[in-house]
Amino acid sequence: MEIASDETTRICNHCDRAIPSSNIDLHYAHCSRNLEKCNVCGDMVPIRHAKEHFLNTHAPVACSLCSATMERGNLDIHKGESCPQRIVNCEFCEFPLPAIDLAEHQEVCGNRTEMCYQCNRYIRLRERYNHASRCTGIAENNVESSRNVRAPEREQGAPRRQPPEYSRKRLIFTIAVTGIAVLFGSLFFQKKAEASQVH
């Protein structure tokens, strides 16, 4: 029994796909009547959906956050990954802010210090993970901080005053209320200034 050899193929002049030679005529008749090549991406789309394909994928749209113009098909990726105005959280305080401001904020925020309650040293927030992995839990007396002025009292057993615990929600609420107050205040003074110019 002979094994059938692979059938030869031909390239369709309309869609540029390799089609078995025995089917090329039937394929071409169907392909040229029903499909259209997108001028932008080169995909073959049904003729009746060509306009819809263009509008949903390639039509230029402006990002509602930064006003940059791009193809509609790229808008979701832009808003989620590369828009400079997308909201991201600071890795140190988890405060939400535009991505364009993140580096400057984290430069300042990461330099804030917190007390390590194992070794009683003040550690920069940007160094806390490295510190936690190598902290021995023993107070280091050879490195004195300007904040570490009560070391003799701790050695005598005096209780150390613990910093107040503030929840992140409370911090964000306070910042939001302050921002709203500033906004209303500026609007109030702007209206007052406009009213005084009219009189």
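This is a predicted model: local features need pLDDT of at least 70, side-chain atom pairs count only at pLDDT 80 or more; totals for chains, interfaces and linings use all residues.
**Overall picture**

The protein has seven helices and 10 strands. It counts 199 residues, and 19% of them are buried. The accessible surface comes to about 15600 Å². Carbon and sulfur atoms make up 54% of that surface. Among contacts with a separation of 6 or more, 10% join residues 24 or more positions apart.

**Confidence**

The average pLDDT is 80, and 80% of the residues score at least 70.

An α-helix has 3.6 residues a turn, so residues three or four places apart point the same way.

H2 spans residues 50-58. Its buried residues are Ala 50, His 53 and His 58. These lie on the same side of H2, because they cover an arc of only 70° around the axis. Their cover includes strands S3 (35-37), S4 (44-46), S5 and S6 (69-71), along with helix H3 (72-82).

H4 runs over residues 99-109, with Ala 99, Leu 102, Gln 106 and Cys 109 buried. Their arc around the axis is only 65°, so they sit on the same side of H4. Strands S7 (87-89) and S8 (96-98) are included in what covers them. The face turned away from this buried side carries exposed residues: Ile 100, Ala 103, Glu 104 and Val 108.

| H2 | Ala 50, His 53, His 58 | 70° |

Where does Ala 59 lie? Ala 59 is in the loop between H2 and strand S5 (60-62). Is Ala 59 buried or exposed? Its relative accessible area is 9%, under the 20% cut-off, so Ala 59 counts as buried. Setting aside residues up to four places away in sequence, Ala 59 touches Phe 54, Met 70, Glu 71 and Arg 72. Gly 73 is 14 residues from Ala 59 in sequence. In space, their C-alpha atoms are 8.3 Å apart.

Strands S9 (residues 113-116) and S10 (residues 121-124) pair in the antiparallel sense, over four bridges. Met 115 stands opposite Tyr 122 in S10. The two strands form a hairpin with four residues between them. In the turn, Asn 120 has a positive phi of about 60°.

His 131 belongs to helix H5 (residues 128-134). Its relative accessibility is 8%, so His 131 counts as buried. Which residues does His 131 contact, leaving aside neighbours within four places in sequence? They are Cys 116, Cys 119, Arg 121 and Ile 123.

**The annotated segment**

UniProt, in an unreviewed entry, lists residues 171-189 as "transmembrane region". In the model, this span is 100% helix and 0% strand. Its end C-alpha atoms lie 27 Å apart.

Notes. Residues are numbered from 1 along each chain as its sequence is written. Side-chain values use heavy atoms; hydrogens and water are left out. Buried means under 20% relative accessible area, exposed over 50%, partly exposed in between (1.4 Å probe, protein chains only). Contact means heavy atoms within 4.5 Å. Accessible areas come from the Shrake-Rupley method with a 1.4 Å probe; for residues, only the protein chains shown count as cover. The arc is that of the directions from the helix axis to the C-beta atoms. Two strands pair if DSSP finds at least two bridges between them. pLDDT is the predictor's confidence in each residue, from 0 to 100. UniProt positions are given in the numbering used here, feature names are shortened, and annotations may be inferred rather than shown by experiment.
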